[in-house]
Amino acid sequence: MSKKILLIDDDVDLIAVYKPFLEKQGFEVQAAYNSEEGKQLFKSFKPDVVFADLVMEHFDSGFVLCHWLDHQPERKNARVIIFTSTGHETGYRFSTQTSEEKKWINADDYLEKPISPNDLLQYIKERC
Amino acid sequence: MKILDARILIIDADPEVVNFLKHHLGNQHVIESIPTGIEGIAKGSSSEYDLYFISMSLPDISGRDVLHAIRDVHEEAICIMMSSNPSIDSAVQTTQMGAYNYISKPFDAEKILPMIHRALERRWYILEARRLRQERENNLAELNVDKSRLATVINAIDDGILVINQKKEIIFYNPRFLQLIHTDRQILIGDSMFRYLPQSLQKQLCEILQKAESEGKTNAIKQEIVIKPPLELVVMANTATIFGENGQCLGAVSVLRDITEMKQLDQSKSHFVNMVAHELKAPLAAIHSYLKMILDNALGDDIVTYNTYLKRSLERTEALIELINDLFNIFRMDSKGVKRNLEKVEVATLLESLVEFFKPKMEEREITVNLALKHGLYINADSEEIRRVFTNLISNAIKYNKYEGHIDITCVADGRWVKVSVKDTGIGMTSEEKDRLFQEFFRAKNIYTRNITGTGLGLAIMKKIVDEYAGRITVETEFEKGSTFTVYLPRVEN
């Protein structure tokens, strides 16, 4: 069975690139354009992997979303990755180096944009 | 020491007494005489004489009453009582009442004159003592004035001041200090600092005293202390050691300055910078992924997608340029040094020319427009800035409108205002979206706005401009129905 991937990002162009690209690679992909849609799809679609943008409606929407995800029973079967342009040089200082840090942001990992579709594919194959 | 030019008052009706004293003392001193007790009291009390001669037997009242009345006013008055029938009793009585001496009449010059000299000498000492006392009082008064002046200044200073001694006891603080450490408790002088001060300030004081002890020289520490986290009350604590003349450390003085506002400003600035960084990076990430797909030949021979990707990359690039322009505008508005070319702008004509400019965009989406403009209404403004305001309003009314939607633009006089309304039949806003509308980088995120590009700065800039002209903006909106933006700008006569 192919992996189910949920993309949550308010940037329509990123979804326009990644969704068809990953589908072509054989994944089942759903996209949400804000946190609310993301929550609904998480419950109905039951993804294996979630890529969540950080800055959406608010500067910390992604963190709030991850916190919510952490309280869902489906969360234990999913890998959650924060996917953001707001990385180390800009804005938040966070990392997923230790389990404590992971716990703090309620995510298993984070990826900094931009990341080429091929690199993203590589990441999913190796880490998810 | 004795007084020259002493003023002497004789209260006696006996001319012999008056003549005797005038004869012996008159060439060195000023002598006045009064025959009755009542008049004597009046004269003798109104100003202080150096010496009083008071007869025990006066025609109206007793000499004792006169003595009592005069000493009542002038406590240190030297009064010599005279009597032609002296008695031990009355001598003792008057001496007890404060008389300097009690002599019998007629006078024996040899006895009397040395006594008078002694009396005048005594008077000199009294005056001298009085002068010294006065001088001392004056000095003290001056000192007190200095002290209270200093205290007033220290109490009025907007910085908190605290002084502690070597034993870490509080020995001075001003009212502002209590406010800044946010305590309602009364601190007693001599109380241990550990009972009252915020931990971070205690630490700073301990550190500096320890350093002073080990190094034996003045040093200072400057440090930010958060009194009420997260950032509600932040002070800059500037602590320095106090050394005595012998080089021993006496304690430390802390000056606390409220820097909360600065910190908050700093934080909102850095938040803004973070937002800017994010907003610049996000479109680049999108463009980057499009270009990667193209260059990695991931599209094969799908020419349609290929073109879409290039077109979107171009659009995002244009949006990025627009964002950078808007950022410049925001910085320009914020930096106050904006140069404006104020001129009279006829609003209706400006609106007409803008609508003409946007015609192709409206036709593209088959949006109709209706203008109801009153001509001849002027505002005093920089035409570039005001053009930006109306451009923004009209372009938003197109961007956020429905396909085949409608726009109503009106311009009327409303009291002292020119009122311009732009009403669209677009997507409208929820109340949460409406509340954040003028926030920098805020963009409504929903299914309708997904494909609309924007910088999130347009309305923030517009509001800044309208505020600059002392105008205002109101918004009426209903989600999925449309919005009406109304701008009021001060009207001027042509």
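Buried means under 20% relative accessible area, exposed means over 50%, and partly exposed lies in between, with a 1.4 Å probe and protein chains only. Keep that scale at hand for the tour.

The model is predicted: local features need pLDDT of at least 70, side-chain atom pairs count only at pLDDT 80 or more, and totals for chains, interfaces and linings use all residues. Residues are numbered from 1 along each chain as its sequence is written, chains are lettered from A and ligands numbered from 1 in the order in which they are written, and side-chain values use heavy atoms, without hydrogens or water.

**Stop 1: salt bridges in chain A**

Select A:Arg75. At 10% relative accessibility, A:Arg75 counts as buried. Its side chain meets that of A:Asp108 in a salt bridge, 3.3 Å from N to O. The term covers a side-chain nitrogen of Lys or Arg within 4 Å of a carboxyl oxygen of Asp or Glu. A:Arg75 sits in the loop between H3 and S4 of chain A, and A:Asp108 in the loop between helix H4 (99-105) and strand S5 (109-112), 33 residues apart. Helices (H or I, at least four residues) and strands (E, at least two) are DSSP runs, numbered from the N terminus. A:Asp108 is partly exposed, at 22%.

Next, select A:Asp109 and A:Arg79. They form a salt bridge whose closest N and O atoms are 3.8 Å apart. This pair links strand S5 (A:Asp109) to strand S4 (A:Arg79) of chain A, 30 residues apart. A:Asp109 counts as buried, at 9% relative accessibility.

A:Glu74 lies in the loop between helix H3 (61-70) and strand S4 (79-84) of chain A and A:Lys43 in helix H2 (residues 35-45), so the pair ties together parts that are 31 residues apart in sequence. A:Lys43 is partly exposed, at 31%.

**Stop 2: where chain A meets chain B**

Show both chains. The contact (heavy atoms within 4.5 Å) takes 24 residues from chain B and 30 residues from chain A. In chain B, the residues that lose the most area to chain A are B:Lys281, B:Lys445 and B:Arg450, together 27% of what that side buries. The area buried between the two chains is about 2400 Å², and carbon and sulfur atoms give 57% of it. Buried area is the accessible area (1.4 Å probe) that two parts lose on being put together, summed over both.

How many salt bridges run between chain B and chain A? The count is four. Zoom in on B:Lys281, which forms a salt bridge with A:Glu112 at 3.2 Å between the closest N and O atoms. Over all chains, the structure holds 36 salt bridges.

**Stop 3: the domains and a patch of chain B**

Colour chain B by domain: domain 1 (7-132), domain 2 (157-258), domain 3 (263-334) and domain 4 (342-492). These bounds come from an automatic or database domain assignment. The centres of domain 1 and domain 3 of chain B, taken over C-alpha atoms, are 109 Å apart.

Select B:Leu291, B:Leu295, B:Tyr306 and B:Leu310. They make a nonpolar surface patch of about 380 Å². Helix H8 (260-295) and helix H9 (303-334) of chain B each give two or more residues to this patch. Patch residues have over 30% relative accessible area and no salt bridge; like charges are joined within 9 Å, nonpolar side chains (Val, Leu, Ile, Met, Phe, Trp, Tyr) within 5 Å. Accessible areas come from the Shrake-Rupley method with a 1.4 Å probe. B:Leu291, in helix H8 of chain B, is partly exposed at 37%.

**Stop 4: helix H13 of chain B**

Select residues 458-468 of chain B. Buried residues in helix H13 include B:Leu459, B:Ile461, B:Met462 and B:Ile465. Their cover includes H9, helix H11 (383-399), strand S16 (472-478) and strand S17 (482-492) of chain B. Just after this helix, B:Ala470 takes a positive phi of about 60°.

**Stop 5: backbone exceptions**

Most residues other than glycine have a negative phi, and most peptide bonds are trans. Select A:Lys46, which has a positive phi of about 50°. A:Lys46 lies in the loop between H2 and strand S3 (49-52) of chain A. B:Glu366 also has a positive phi of about 50°; its place is the loop between helix H10 (347-364) and strand S12 (368-373) of chain B.

Finish with two prolines. The peptide bond from A:Lys113 to A:Pro114 is cis, with omega near -5°. A cis bond also joins B:Lys105 and B:Pro106, with omega about -10°.
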